[in-house]
Amino acid sequence: MSTRNHATSFTENANRALLDELNWDDVQAFQDAARGFIASLDAPVITDSNGRAVWDLDAYPFLAEETAPPSVNPSLWRQSRLNALYHGLFKVTDGIYQIRGFDLSVMSIIESDNGYVVVDPLISAPTARAGMELAYKYLGRKPIVAVIYTHSHIDHWGGVKGVIDEADVNAGKVKVIAPEHFLEHAISENVIAGNVMTRRASYMYGNLLPKDPQGQVGAGLGQTTSTGQVTLIDPTDDITTTGQTLVVDGLEIVFQLTPGTEAPAEMNFLFPRYRALCMAENCTHNMHNLYTLRGAQVRDAKAWAHYVNEAIEMFAGRYDVIFASHHWPTWGVEAGRDFLKKQRDMYKYLHDETLRLANQGFTLLEIPEIIELPPELFRAWYNRGYYGTINHNVKAIYQRYLGFFDGNPANLHPLPPEPAGKKYVEFMGGADNLLAQAHKSYEQGEYRWVAQVVNHLVFAEPENEAARALQADALEQLGYQAESGPWRNFYLSAAQELRLGVVDHGAPSANNPDVIHATPLEMFFDLLAVRLNGPRAAGKVITLNGRFTDISEEYVLTVENGVLHYAKGKQAEQADATLTMTRAALDAVVLGEATLQETMAAGKAQIDGNPQKLVEFLSLMDNFEFWFNIVTP
């Protein structure tokens with residue numbers, strides 16, 4: 001059941017319809033993506049220190065074809081060509097350069113009086129290092145005087161040790177500048193829900209799909225994610241107010257804080273010397289996510305539009321070019337203003353229309369089927385749903401204000417998928433009849449309906465090969481039609497797992513040294529609380545003291561009523577056991593560099609009281625399986 005299918009006539013027709021809807025004569029984006037090109041790498045594969053490939057500039061040779069094949073939405077094909085084919089070092093304007101196509105994100109390099117300021121050093125150290133070496137080759141080797149993190153997502157800071165040395169930061173030679181609360185959000189987003197988010201991200205970016213016209217062709221925001229070592233250096237300078245100005249090695253930078261937009265901690269900024277405005281990830285050449293499909297807290301469309309509007313007013317007349325940390329710049333005052341206004345109005349329109357219709361009684365599933373952008377927004381290529389979509393962004397807005405419940409009590413307490421599936425199959429006259437009817441719908445091109453109804457059979461009878469095959473076929477066609485890179489990747493990843501099963505590729509390591517060292521102990525204990533198996537812990541009472549001598553911190557942890565609580569700066573007089581160690585020793589245990597028993601044997605940890613209580617406590621922790629099922633029970 002591993003065979004992939006070609007696009008059906010219904011899919012071909014759906015994709016062909018876009019050729020009439022969009023302005024294909026507008027090739028400005030291709031001119032802008034190519035503008036200022038200086039050079040790229042001679043060897044296309046970027047490797048880490050062990051010789052392992054972490055990025056391939058030539059992973060998408062098929063995108064050289066201008067015309068989209070029937071199995072790819074032509075608008076997504078266009079976006080993927082723009083992301084994949086134009087890679088290397090580019091000049092944005094005098095004094096500003098970018099490394100594009102070396103990762104999901106873009107790294108910018110700005111000349112100061114005596115060195116460089118680097119903005120957003122990609123996801124991993126090897127790709128950032130390769131990009132910086134390319135810049136040195138063509139721009140000259142000068143010291144990096146500062147790194148700016150525009151916001152808290154990993155693709156904007158993970159490669160920092162590929163461009164600077166932490167010792168230079170500690171010595172005061174290099175600044176690391178970030179919006180306030182950056183470190184808290186950079187760490188916390190992937191802690192207590194990290195396992196499920198990362199598993200779903202494997203669908204979102206199509207990491208397990210072949211890169212070809214029937215597989216992964218890109219992610220809209222960029223092509224995919226690099227797989228090198230993620231690093232982190234704590235900020236030295238926090239931006240705390242809009243209008244705050246820093247002068248770094250003679251280079252003036254004017255900041256605008258934009259909390260709660262694309263990220264909980266984010267900022268735009270202006271380089272007056274170069275009349276260049278960096279919009280971080282708040283304005284890029286696609287509709288962004290108000291809800292990201294890998295899972296995250298819903299973002300605020302109203303705030304997003306507000307801060308873009310604030311940028312329009314705050315920086316009016318002060319820039320000639322706008323650049324961001326994805327995609328290519330926008331040159332010219334009029335083009336830049338139009339870009340910002342239409343991005344602003346896209347998010348504002350979705351927000352206001354969703355609430356207008358919700359206030360008329362329309363629901364979570366109804367409103368996305370109604371809303372269409374006005375033609376002037378719909379036809380702007382940079383507003384297309386390559387990453388976010390109207391459909392799931394509208395659902396996000398509804399959820400933010402009204403939650404999952406649509407007000408109909410029939411939807412308040414539905415059966416979960418497996419028992420519901422069995423009932424649906426029974427009511428539809430059994431599996432054979434359901435499949436027969438679903439096949440008729442498939443032959444009529446009703447792929448959304450087929451996926452919806454056959455899903456019930458897959459969850460009722462997960463070993464039913466005919467059901468899994470038809471479900472995979474329907475999802476595949478939906479993937480071929482999707483304009484959104486993440487939608488395509490989700491559909492095709494699901495189809496692949498239905499056909500091949502879930503293949504255990506080994507869990508990705510979550511034990512990153514820099515991230516572990518930067519994680520506050522409170523977040524570590526929050527993760528322990530999530531890992532605590534409540535039913536197993538029910539009826540147990542355990543009190544433990546923790547003392548971390550190198551950072552002079554003390555905690556008391558209590559398990560009671562099936563939950564874990566902790567308190568900082570306290571110790572229980574009647575604790576069952578007290579664990580004394582350094583934070584450095586704890587980090588080594590978390591990273592798997594040593595077991596707790598080995599740490600104690602080495603004299604780096606000590607237990608006073610009843611050690612069996614600590615053993616019992618640890619036995620109550622779940623270890624999360626990474627390759628859990630998504631499209632089957």
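Ala39 stands opposite Leu89, a residue of strand S4, and this pair belongs to the contact between S1 and S4 (residues 88-93), which run in the antiparallel sense and are joined over 2 bridges. Strands here are DSSP runs of type E with at least two residues, helices are runs of type H or I with at least four residues, and both are numbered from the N terminus; two strands count as paired if DSSP finds at least two bridges between them. Strands of a sheet pair through backbone hydrogen bonds, either parallel or antiparallel.

The model is predicted, so local features need pLDDT of at least 70 and side-chain atom pairs count only at pLDDT 80 or more, whereas totals for chains, interfaces and linings use all residues. Residues are numbered from 1 along each chain as its sequence is written, and side-chain values use heavy atoms, with hydrogens and water left out.

**The sheet**

S1 and S4 are part of an open sheet of 8 strands with mixed pairing, in the order S1-S4-S5-S6-S7-S8-S9-S10. Its edges are formed by S1 (37-39) and S10 (237-239), each of which pairs on one side only.

**Salt bridges**

Side chains of opposite charge can pair when their charged atoms come close. A salt bridge is counted when a side-chain nitrogen of Lys or Arg lies within 4 Å of a carboxyl oxygen of Asp or Glu, and a search of the whole structure finds 31 of them.

| Residue | Partner | N to O distance |
|---|---|---|
| Arg4 | Asp212 | 2.8 Å |
| Lys91 | Asp94 | 2.8 Å |
| Arg344 | Asp345 | 2.7 Å |

In the pair of Arg4 and Asp212, Arg4 lies in the segment before helix H1 (9-21) and Asp212 in the loop between helix H7 (194-204) and S10, so the pair ties together parts that are 208 residues apart in sequence. Residues are called buried under 20% relative accessible area, exposed over 50% and partly exposed in between, with a 1.4 Å probe and protein chains only. Arg4 is partly exposed at 32%, whereas Asp212 is buried at 17%.

Elsewhere, salt bridges that share partners join Lys161, Glu166 and Asp514 into one network.
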